[in-house]
Amino acid sequence: MTPLEYIEKGGVINRILVGLLLVVLALAIERLLYFFFSRGFKRNSQTERIRIRSERTVSMPAELRKEELLELGAELKNEMERGLWLFSFITAAAPSMGLLGTVIGLIASFQGMAAAGPEMSIQDFSGGIWVAMLTTALGLIVALPALFCSHLFGRIVELRLLKMSLAVSITENTNGEIVDYA
């Protein structure tokens, strides 16, 4: 049996789960590209952007400077976290959808068993159960990469926020005062 046939046996819930898996893959690729091209101390990295702004605003009054850096920091954080909520949502929703598909499949199996009466064979019943279990398996298959991506990209964001904070602190330190903007 091909993977497509397994998906078809699971019905509409399996099709939704495959759609969610495609969303996970697309978002993971988009985020990988974003983090790859905005890494290090390149001109478009978050650390470099906040360091440059910190150097440009060094002569500003402390409150204006703090506000400017906090605003840029918030913008950069939002930019880095764009779409990451979907990973968390799919991590929670996919197993629940798989379980829902299993319950629906079991209900259908029991309905078939009740309708068949005494001539119901164990093969018919067990066949319905394994088809129902496909949705649970697919729900977990979708949730695991989403969970991995959620933690991976969340950790990258944390590390980059730390680097941004250090870049501001270093700029502050060269001017004789250290202010924590985190």
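**Close-up views of helix contacts and salt bridges**

**View 1.** Glutamate 158 and arginine 155 are 3 residues apart in helix H6 (residues 122–174), which means that about one helical turn separates them. Helices are DSSP runs of H or I with at least four residues, strands are runs of E with at least two, and both are numbered from the N terminus. The model shown is predicted: local features need pLDDT of at least 70, side-chain atom pairs count only at pLDDT 80 or more, and totals for chains, interfaces and linings use all residues. Residues are numbered from 1 along each chain as its sequence is written, and side-chain values use heavy atoms, with hydrogens and water left out.

The side chains of glutamate 158 and arginine 155 form a salt bridge, at 3.1 Å from N to O. A salt bridge here is a side-chain nitrogen of Lys or Arg within 4 Å of a carboxyl oxygen of Asp or Glu. Side chains of opposite charge can pair when their charged atoms come close. Glutamate 158 is partly exposed, at 47% relative accessibility. Arginine 155 is partly exposed as well, at 45%. Buried means under 20% relative accessible area, exposed means over 50%, and partly exposed lies in between (1.4 Å probe, protein chains only). Elsewhere, salt bridges with shared partners join Glu30, Arg31 and Arg82 into one network.

**View 2.** Glutamate 30 and arginine 82 meet through their side chains in a salt bridge. The N to O distance is 3.4 Å. Glutamate 30 sits in helix H2 (residues 12–37) and arginine 82 in the loop between H4 and helix H5 (84–116), so the pair ties together parts that are 52 residues apart in sequence. How accessible is glutamate 30? Its relative accessible area is 30%, which is partly exposed. Arginine 82 is partly exposed too, with 44%. In the whole structure, a search finds 9 salt bridges.

**View 3.** Arginine 49 and glutamate 79 form a salt bridge between their side chains. The distance from N to O is 3.1 Å. This pair links distant parts of the chain: arginine 49 belongs to helix H3 and glutamate 79 to helix H4, 30 residues apart. Arginine 49 counts as partly exposed at 29% relative accessibility. Glutamate 79 is partly exposed, with a relative accessible area of 22%.

**View 4.** Helix H3 (residues 46–56) packs with helix H4 (residues 62–81). Two packed helices are described by the angle between their axes and the distance between the axes. Here the angle is about 170° and the axes are 10 Å apart. H3 is therefore roughly antiparallel to H4. Axes are lines fitted to C-alpha atoms, for helices over the stretch in contact, and angles run from 0 to 180 degrees between N-to-C directions. Angles under 35 degrees count as roughly parallel, over 145 as roughly antiparallel, 65 to 115 as roughly perpendicular, and the rest as oblique. The crossing of H3 and H4 is right-handed. A crossing is right-handed if the near helix is turned clockwise from the far one by less than a right angle, and left-handed if anticlockwise.

Which residues of H3 meet H4? They are Gln46, Arg49, Ile50, Arg53, Ser54 and Glu55. Their partners in H4 include Arg65, Glu68, Leu69, Leu72 and Met80. By class, the contact of H3 with H4 has 5 nonpolar, 3 polar and 6 charged residues. Ala, Val, Leu, Ile, Met, Phe, Trp, Tyr, Cys and Pro count as nonpolar, Asp, Glu, Lys and Arg as charged, and the others, Gly among them, as polar.

**View 5.** Leucine 72 lies in helix H4. Is leucine 72 buried or exposed? Leucine 72 counts as buried, at 5% relative accessibility. Leaving aside neighbours within four places in sequence, leucine 72 is in contact (heavy atoms within 4.5 Å) with Arg49, Ile50 and Arg53. Serine 54 is 18 residues from leucine 72 in sequence and 9.9 Å away in space, C-alpha to C-alpha.

**View 6.** The axes of H2 and H5 cross at roughly 165° and come within 10 Å. H2 and H5 are therefore roughly antiparallel to each other. Their crossing is left-handed. Among the H2 residues that meet H5 are Ile13, Leu17, Val24 and Arg31. The H5 side includes Leu84, Phe87, Met97 and Ile104. By class, the contact of H2 with H5 has 16 nonpolar, 2 polar and 1 charged residues.
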